[in-house]
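Reader: I would like to learn how to read this model, feature by feature. Please give the rule first and then the case.

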Amino acid sequence: MKILVPLNNMEHIDDYIAAGAGEFYIGFYDEEWTSRFGDFADINRMSGFKENANPFSLEEVIEIINTVKNKGMLIYVTFNSSIYSEEQLGEIKKYFIALKEADVDGVIVSCIELVEIADKLELSVIVSTISGVYNTQIAKFYRNKGTNRIIIPRDLSVDEIETIVKEVPDVEYEVFMMRNGCMFSDANCLGMHRNESCSICGSLISADSQIHIKDNNFKKRHNIELNDLIYTKSFHEYACGLCSIYRFVKMNITACKIVGRTDEWKNICNDIRYVKQNLEIAESCKSQEEYLERMQLPEESRLMCKLGLSCYYPEMRF
Amino acid sequence: MEQISCLNFCDIMNYLNQEEETIEAIIKKTAKKAGFEHVERIYIGSYFCAQYFLHMDDILFDDIVTQAKNMKIQVTLVIPVIPQKDLNTVLKKLEGYSEYFEDCLDEITVNDYGMLAYIHENYEVRLNMGRLFMKDYRDPRYPAYFKTVLKPKIFTKYLIRLIEQYQIDGMEFELTHVSINFENKPKGIVIGVHTPFCYMTVGQICEYASINKQIEKKFRPNQSCAKECQETIIRYDMQDGREWIRVGRAIYFDNRDCEIEGVSKYREIYFPVEWEGFINEDISST
């Protein structure tokens, strides 16, 4: 299982590789796109964060592709805004042609229209979590349209992932591993991701709220309010899937993803190292139990490894 | 502009039915709330929750379809995105519903491509693309975006081929902006618009389903529940004068002033959710 890492800092690419990165993903900005389609039209889901998440232009990304490939690594370019218009799809086709010429390893896409466009250009297609591949029916649909890799949503259990992987072969799979958990589904969260305001989940947990309860009594109200308190204050403050690595290795998952295109490179390197160490441990283990006994817990385990609240796959421990 | 009056009972049927009223009374009451003189169609099932869909009360379901038939109202069955662990059970449940398909339950709304292909291959029934296919951003926190006219991006050449391949009859949309223009809609497609709330986000992790779970088991995706969502609604004060509510797994904002353009006829699909109706209601604020 390769470790997929966001590449938003070329200065530290060798640090990422030394830490254990095997693949990179990257997005880009294009001023022409913005002037044509407006400031709220995203090329990818992080376009609203401007240079913080997409520091490079397409021309720079093409150079980066060359650099990364010379280092023997794989690199993918992401087009995972929630939806694109006909005109935008036409523009993206031009990007795809340029990326194909640059010998990119694949494009990460969010919608079926882009799967078709990329497939026709014989570009390797990675279906983003934005597509919401939650079951075998959906996986078969995308595989049969020409998808090469499916990124499994972060809100599926390990058992569910295993079923999909077994029942829909002939396609690669990628799973979420570290950083930035999410209360909602990437596939249908339709608020903006931009600099001016936080994500909608952030706005909701910091907003004043009123809880309306039918047939109220003290116990019921207590349970609802306590639940809300834990949900808003403690759930997914971190996100980690290290305990699931053994299972994913056994399933032959192709890649695990460290997210965080706006995060500090040192923190990302740290996470890469933890995943890498645990991959090595998993390879030498004979059982899940042995792996859980021997694995390296994350650096912040005193906070993170409590009650499953920071786990991508809490069922591994709790 | 002609509006076809529809009621959306998805995700809230138990909550509507708690006062032990007859189905006819519920339909009449909610129609009045919507301002409808008569109702042409009811949507039942779920847009957002596999657990809700899976555990719909069969007796209640039968009551609704029977009463709808008596009142000459058509029924649409709505199927949410089903996570893997429940897929086979839901497909079995669908088999059970198929006996209704030749009656007043004459169409299905699906919300993902897998189910779209499955229903097309296995059932002869009218087919709609549900609200989860329509992924234009909606975000009133950004007035410069919100106060524009949306031309839905989904109206592409690819969509026209998809409509032909899967024989899609209708598409459902949200009140995402101050105005929506449907002039580019594919020919023959019936447009449905959900009112008065627009869903903004949804997840497989349900806050309400965790209420009675021990802490280590809270906030698991698509976990089983006791339909706590039918007894709890959270309202959020986003300081924009707008209602923001959590109903079931989804977050909605109200957008009652949205204008519809570019279409001569559409279904208004009214969601009769209300929090004022709760018996022994208690409000706690943060």
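Author: Begin with one pair: A:Ile3 stands opposite A:Cys256 in β9(A). This is a predicted model, in which local features need pLDDT of at least 70 and side-chain atom pairs count only at pLDDT 80 or more, while totals for chains, interfaces and linings use all residues. Residues are numbered from 1 along each chain as its sequence is written, and chains are lettered from A and ligands numbered from 1 in the order in which they are written.

Reader: How are strands defined, and what makes two of them pair?

Author: Strands (E, at least two residues) and helices (H or I, at least four) are DSSP runs, numbered from the N terminus. Two strands pair if DSSP finds at least two bridges between them. Take strand β1 (residues 2–6) of chain A. β1(A) pairs with strand β9 (residues 255–258) of chain A in the parallel sense, over three bridges. Three bridges also join β1(A) to strand β2 (residues 23–26) of chain A, again parallel. There, A:Leu4 stands opposite A:Glu23.

Reader: Which strands close into a barrel, and in what order?

Author: Eight strands of chain A do, in the order β1-β2-β3-β4-β5-β6-β7-β9, with parallel pairing. Neighbouring strands of this sheet are turned by 30 degrees against each other on average, direction ignored. Axes here are lines fitted to C-alpha atoms, for helices over the stretch in contact, and angles run from 0 to 180 degrees between N-to-C directions. Another pairing in chain A links strand β3 (residues 74–79) to strand β4 (residues 106–109) by four parallel bridges. A:Phe79 stands opposite A:Val109 in that pairing.

Reader: What is the hand of the β-α-β unit that holds β1(A) and β2(A)?

Author: A crossover is right-handed if, with the strands pointing away from the viewer, the path from the first strand over the helix to the second runs clockwise. β1(A), helix α1 (residues 13–19) of chain A and β2(A) make a right-handed unit.

Reader: Is β1(A) mostly covered or mostly open?

Author: A residue is buried if 20 or more other C-beta atoms, placed from the backbone, lie within 10 Å of its own; it is exposed if 12 or fewer do, and partly exposed in between. β1(A) is mostly covered, with four of its five residues buried. α6(A) is mostly covered too: seven of its nine residues are buried. Among them are A:Ile138, A:Phe141 and A:Arg143. Their cover includes α5, β5 (125–127), β6 (149–151) and α7 of chain A, together with α5 (84–97) and α6 (113–122) of chain B.

Reader: At what angle do α4(A) and α5(A) pack?

Author: The angle is about 35 degrees, with the axes 10 Å apart. For the hand, a crossing is left-handed if the near helix is turned anticlockwise from the far one by less than a right angle, and right-handed if clockwise. The crossing of α4(A) and α5(A) is right-handed. Residues are in contact if their C-beta atoms, placed from the backbone, lie within 7 Å. α4(A) brings A:Leu89, A:Ile92, A:Lys93 and A:Phe96 to the contact, and α5(A) brings A:Glu113, A:Leu114, A:Ile117 and A:Ala118.

Reader: How many residues of chain A are in contact with chain B?

Author: 59 residues of chain A are in contact with 61 residues of chain B. α9(A) gives the most to the chain A side, with eight residues. That side divides into 27 nonpolar, 20 polar and twelve charged residues. The classes are these: Ala, Val, Leu, Ile, Met, Phe, Trp, Tyr, Cys and Pro count as nonpolar, Asp, Glu, Lys and Arg as charged, and the others, Gly among them, as polar. A:Ile211 has B:Ile234 as its bridge partner.

Reader: Where is A:Glu122, and is this residue buried or exposed?

Author: A:Glu122 is in the loop between α5 and β5 of chain A. A:Glu122 counts as exposed because it has 9 C-beta neighbours inside 10 Å. Its phi is positive, about 60 degrees, although it is not a glycine.

Reader: And B:Arg249, buried or exposed?

Author: B:Arg249 is buried, because 29 other C-beta atoms lie within 10 Å. B:Arg249 is found in the loop between β12 (244–247) and β13 (250–254) of chain B.

Conventions: Contact = placed C-beta atoms within 7 Å.
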